[in-house]
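User: I am new to this structure and would like to learn how to read its features. Please take me through a few of them.

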Amino acid sequence: MDICQMTGDRFEERCSQVLRFYLNPMGQHKLYGLFLNSLLELLDLPECRYNLQTVRVITEDTTDDNKRIDITVVADDFVIAIENKIGAELYNPLDSYVKHIQSHYKEKERKVFVVLSARKITDCREVKKMQVHGYKYINYQMLFSVIKSNLGTYATDCNQTYLTFLFDFIRTIEKRYYNSNMEIKRFFFNNRNSIDNLIYEYNAFKEDILKTQKENIADLRINVSQKTGADWWAYQGWDLGISFNEDTNRIGIESSFSDETFDNQLGDFHIYITVWNKKHFYPYEEELKRLFPDCPIDYESVNNRVYLHLPVIKGNDHEEIASKLAEYYFIMKDVTERIK
């Protein structure tokens, strides 16, 4: 079913056909009453008995007003009407289904109405709708759990091909609707306009912060360049840095504002000694550990880089930041002149 990539109502219809096949106790699967007994167990109807050979399972059972019941299970003394809802809302005319069952299966001692859904039904309107019309709610996860629990007594003598198909059906539903955060997806679909607006406002908020950070970096670049007599760069406007030994083991200093808060929207100033290729770090490693014994080194960063984290500078004192950058610059200038 996953290979077929069926979606929407078409997928729901195919699921109904699969359920019809396995709910039929005399189907080629030879699982006999596994599905039907598991459903009766979930419905807490142990008193319902049936002859395997007389059970009928109907899909698209048409009512007098031309509505269609997804699945109808007709047994000796009971009938079950199943509304199969995969992910859609419960908009169906349940009252019409009830009238149809009451009028066309008068002789059945027990008439049971079920909403089988892949999603959790918690909306008060849908819950009330089920209650008003006497429907019981079961989700696929509940049904599959009972089927798996009961499978042992049926699996030995069944048709193994159809047992494989059953597992595929279960995995398909679980993958789509339980392992893929279906409720989160539903929330996103139902609130997409509000979320789009929120994303727009959030991006504008981030751009405003980034603009302020870039303005501060531009001022710091002028200051630290004057203090060191070197040409510092500002990568993409927010990353202030300089590098040494360009033709051998390239190493440098990078710095930026980050860790913004409501009370400190610019963020703190972070400084790193960094290499752009991990192998270039090792000639300097011992000397840097000696010079900065209390500073952590990140060897596991992305893109094969290594970072030595220097102390964070809080506040936005440009003179303090530029002086500290200049101090690290002259330390690294000395190191890289000695170690190539």
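Predicted model: local features only at pLDDT ≥ 70, side-chain atom pairs only at ≥ 80, totals over all residues.

User: How are two packed helices described?

Analyst: By the angle between their axes and the distance between the axes. Helices are DSSP runs (H or I, at least four residues), as are strands (E, at least two), numbered from the N terminus. Axes are lines fitted to C-alpha atoms, for helices over the stretch in contact, and angles run from 0 to 180 degrees between N-to-C directions. Here, the axes of α9 (residues 192-228) and α11 (residues 318-338) come within 9 Å and cross at roughly 50°. That makes α9 oblique to α11 (under 35 degrees is roughly parallel, over 145 roughly antiparallel, 65 to 115 roughly perpendicular, and the rest oblique).

User: Which hand does the crossing of α9 and α11 have, and which residues make the contact?

Analyst: α9 passes α11 in a right-handed crossing; right-handed means that the near helix is turned clockwise from the far one by less than a right angle, left-handed anticlockwise. Contact means heavy atoms within 4.5 Å. On the α9 side the residues include Asn216, Leu220 and Val224, and on the α11 side they include Ile321, Leu325 and Phe330. By class, this contact has eight nonpolar, five polar and three charged residues. Ala, Val, Leu, Ile, Met, Phe, Trp, Tyr, Cys and Pro count as nonpolar, Asp, Glu, Lys and Arg as charged, and the others, Gly among them, as polar.

User: At what angle do α5 and α7 pack?

Analyst: Helix α5 (residues 140-150) and helix α7 (residues 160-177) pack at about 145°, with their axes 11 Å apart. α5 passes α7 in a left-handed crossing. Tyr140, Phe144 and Lys148 of α5 meet Phe169, Ile170, Ile173 and Glu174 of α7. The residues of this contact divide into five nonpolar, no polar and two charged.

User: How many salt bridges are there?

Analyst: A salt bridge is a side-chain nitrogen of Lys or Arg within 4 Å of a carboxyl oxygen of Asp or Glu. By this rule the count comes to 19. One of them joins Arg110 and Glu47, whose closest N and O atoms are 2.8 Å apart. Arg110 is in strand β4 (residues 110-117) and Glu47 in the loop between α2 (34-42) and β1 (56-62), 63 residues apart.

User: Which residues share salt-bridge partners in one network?

Analyst: Start with Glu287 and Arg338, whose salt bridge has its closest N and O atoms 3.0 Å apart. Glu287 sits in helix α10 (residues 282-291) and Arg338 in helix α11, 51 residues apart. Glu287 counts as buried at 14% relative accessibility, while Arg338 is partly exposed at 46%. Salt bridges with shared partners join Glu287, Arg290, Asp334 and Arg338 into one network.

Terms used
Residues numbered from 1 in each chain as written. Heavy atoms only, no water. Buried < 20%, exposed > 50% of the residue type's maximum accessible area, 1.4 Å probe, protein only.
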